[in-house]
Amino acid sequence: MKTKTSLAIIIPVYNEIESLKHLVHEIHLSLKNYQNYSILFIDDGSTDGSFEFLKNIIKSDSKIHLIQFSINKGKSAALNEGFKWVQSDYIVTMDADLQDDPSEILNLLKKLDQGFDLVSGWKKKRNDPISKTIPSRIFNFTTSFLTGIKIHDFNCGLKAYKRKVVKSIKVYGGLHRYIPVIAFKKGFKVNEIIVNHRPRKFGKSKYGNERYFKGLFDLITVLFLTKYLKRPLHLFGLFGFLFSTIGFFINLWVLYLKYFLGEPFSMHIAILVLGVMLIIIGVQFFSIGLIGEMIVQSNHKSFNEKNEIIHHDKI
């Protein structure tokens, strides 16, 4: 373990006052032999006194730092602000609710020392109700299948990063769930280790069922930005082909009914209109993809032209 390597621990906080005293004590205890570390709390608009507690504790603890949001902006915004602030060699993120075990921090750092750039925790034995564990498994399986990244727990709050990772990514909305995907697509080495997950001791979860719908849209965003941003026709062309093909076969079926079975168009006007609409939608998707390709190629050409001149003398 490179104990001389600087370490910053980023912890978003939203109404977790009952957990904070225990969390600070456990972190200090777990890192008692690791001198060069700091803890950055991001208060995400707490209303239960969490900010006031942290503001008081930093007066006597020089290792603790504090950023406050005036309103609740969400976990992604808190992490992004923390990533901008820290300058340490290694960065660890964790939740403030005590379910993430601070004793796992050194295990994550050992994995970084083996050459990985990002190490994600895997809550293999998760101490949460089935209403959270089953959707979480579906989410992780879907994300792994669509992105090709073979890890089991994308949304675990306990992660370790090298500084070059957090300085090259930007998270917003709900993209904190997909940080391993974003890092992997940027060429960083991503791995995971099994971590201890503890039952919630205080308070209740701050996430409702709406997170599943938001997570789906965020996954589409990540897939587009990491996989199709430089080749938009591959994405829009796929949808264009799908809609156009369905519309074509619908209209083919209507023509069969008309000319082989003698049924008039008036009997199938609704399905005929549907087929035509699907073909039009398919053509529109193709058009969007082609426009996207032209924009990408134009930007790429402009970038290359700007970088063709490597030296210029005034004349």
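Contact here means heavy atoms within 4.5 Å. This is a predicted model, in which local features need pLDDT of at least 70 and side-chain atom pairs count only at pLDDT 80 or more, while totals for chains, interfaces and linings use all residues. Residues are numbered from 1 along each chain as its sequence is written, and side-chain values use heavy atoms, with hydrogens and water left out.

By that rule, and leaving aside its neighbours within four places in sequence, I11 is in contact with L23, I27, I39, L40, F41, I42, M94, D95 and A96. I11 also belongs to the largest nonpolar core, where L7, I9, I11, F41 and L109 touch the most other members out of 32 residues. A nonpolar core is a set of buried Ala, Val, Leu, Ile, Met, Phe, Trp, Tyr and Cys residues joined through side-chain atoms within 4.5 Å. Buried stands for under 20% relative accessible area, exposed for over 50%, and partly exposed for values in between, with a 1.4 Å probe and protein chains only. The elements giving two or more residues to this core are β1, α1 (17–30), β2, α2, β4 (90–93) and α4 (105–113). Helices (H or I, at least four residues) and strands (E, at least two) are DSSP runs, numbered from the N terminus. A second, separate core has 31 residues, including A8, V86, F139 and F154. In soluble globular proteins, nonpolar side chains tend to be buried together.

The strands come next. Seven of them make an open sheet with mixed pairing, in the order β3-β2-β1-β4-β6-β5-β7. Two strands count as paired if DSSP finds at least two bridges between them. At the edges stand β3 (64–69) and β7 (190–194); each has a single partner strand, so one side of each is left without a neighbour in the sheet. From one strand to the next the twist averages 20 degrees. Axes are lines fitted to C-alpha atoms, for helices over the stretch in contact, and angles run from 0 to 180 degrees between N-to-C directions. Helix α2 (residues 50–57) packs on the sheet and touches β1 (7–13), β2 (37–44) and β3, its direction making about 150 degrees with that of β3. Elsewhere in the sheet, β5 (residues 118–122) and β6 (residues 159–162) run antiparallel and are joined by three bridges. L118 stands opposite Y161 in β6.

V190 and F116 are 74 residues apart along the chain, yet their C-alpha atoms are separated by 6.1 Å. V190 is buried, with a relative accessible area of 16%.

Helix α4 has I105, L108, L109, K111 and L112 buried. Seen down the axis of α4, these buried residues fall within an arc of 155 degrees (taken from the directions from the helix axis to the C-beta atoms), so they line one face of the helix. Their cover includes β1, β4, β5, β6 and β7. Just after α4, G115 takes a positive phi of about 115 degrees.

Two loop residues also have a positive phi. Most residues other than glycine have a negative phi. N15, in the loop between β1 and α1, has a phi near 55 degrees. L98, in the loop between β4 and α4, has a positive phi of about 75 degrees although it is not a glycine. L98 is buried, with a relative accessible area of 6%.

Aromatic rings are the last topic. Rings of Phe, Tyr and Trp (its six-membered ring) pair if their centres lie within 6.5 Å; planes under 30 degrees apart count as stacked, over 60 as edge-to-face and the rest as tilted. The count comes to eight aromatic pairs. One of them is the stacked pair F141 and F145, at 6.4 Å centre to centre with 15 degrees between the planes. Both residues lie in helix α5 (residues 130–147), four residues apart, about one turn of the helix. F141 is exposed at 60% relative accessible area, and F145 is exposed at 61%. W253 and Y256 form another stacked pair, with 5.5 Å centre to centre and 25 degrees between the planes. These two lie in helix α9 (residues 232–259), three residues apart. W253 is partly exposed at 46% relative accessibility, and Y256 is partly exposed at 35%. F239, F243 and F285 form one aromatic cluster.
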